[in-house]
Amino acid sequence: MNKRLGKAIRALLRMRAVPHQRIPKPTKADLERKFVMRVDRSGRPTIKEV
């Protein structure tokens, strides 16, 4: 188990940081989209765009 843990720790230490990316602002069309959540015949909730 110690070998596995050591390999995992070494792999984590070798990983580089993920570059930060800004989230783009939503467009007017994105803000105007509307969604509805309904329950289908099997009882599962589903989300649909209106």
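## The hairpin

Let's start with the two strands: β1 (residues 35-39) and β2 (residues 45-49) run antiparallel and are joined by five bridges. Strands here are DSSP runs of E with at least two residues, helices are runs of H or I with at least four residues, and both are numbered from the N terminus. Two strands pair if DSSP finds at least two bridges between them. Keep in mind that this is a predicted model, where local features need pLDDT of at least 70 and side-chain atom pairs count only at pLDDT 80 or more, while totals for chains, interfaces and linings use all residues. Residues are numbered from 1 along each chain as its sequence is written, and side-chain values use heavy atoms, with hydrogens and water left out.

Which residues face each other across the pair? M37 stands opposite I47 of β2, and F35 has E49 as its bridge partner in β2. Five residues sit between the strands of this hairpin, and G43 takes a positive phi near 95°.

## How covered are the strands?

Buried means under 20% relative accessible area, exposed means over 50%, and partly exposed is in between (1.4 Å probe, protein chains only). The number of buried residues in β2 is also zero out of five, so β2 lies largely in the open.

V50 is exposed, with a relative accessible area of 71%. V50 and K34 are 16 residues apart in sequence, yet their C-alpha atoms are 5.6 Å apart in space.

## One salt bridge

How many salt bridges does the structure hold? There is one, and E49 forms it with R33, with the closest N and O atoms 3.1 Å apart. E49 lies in strand β2 and R33 in the loop between α2 (28-31) and β1, so the pair ties together parts that are 16 residues apart in sequence. A salt bridge here is a side-chain nitrogen of Lys or Arg within 4 Å of a carboxyl oxygen of Asp or Glu.

Are the two partners buried or partly exposed? E49 is partly exposed at a relative accessible area of 47%, and R33 counts as partly exposed too, at 41%.

L5, I9 and L13 make a nonpolar surface patch of about 320 Å². I9 has its place in helix α1 (residues 2-14), and I9 is partly exposed, with a relative accessible area of 43%. Patches are made of residues with over 30% relative accessible area and no salt bridge; like charges are joined within 9 Å, and nonpolar side chains (Val, Leu, Ile, Met, Phe, Trp, Tyr) within 5 Å. The areas come from the Shrake-Rupley method with a 1.4 Å probe.

There is a positive patch as well, formed by K3, K7, R10 and R14. Lys and Arg count as positive, and the place of a charge is taken as NZ of Lys or CZ of Arg. K7 is found in helix α1 and is exposed, with a relative accessible area of 58%.
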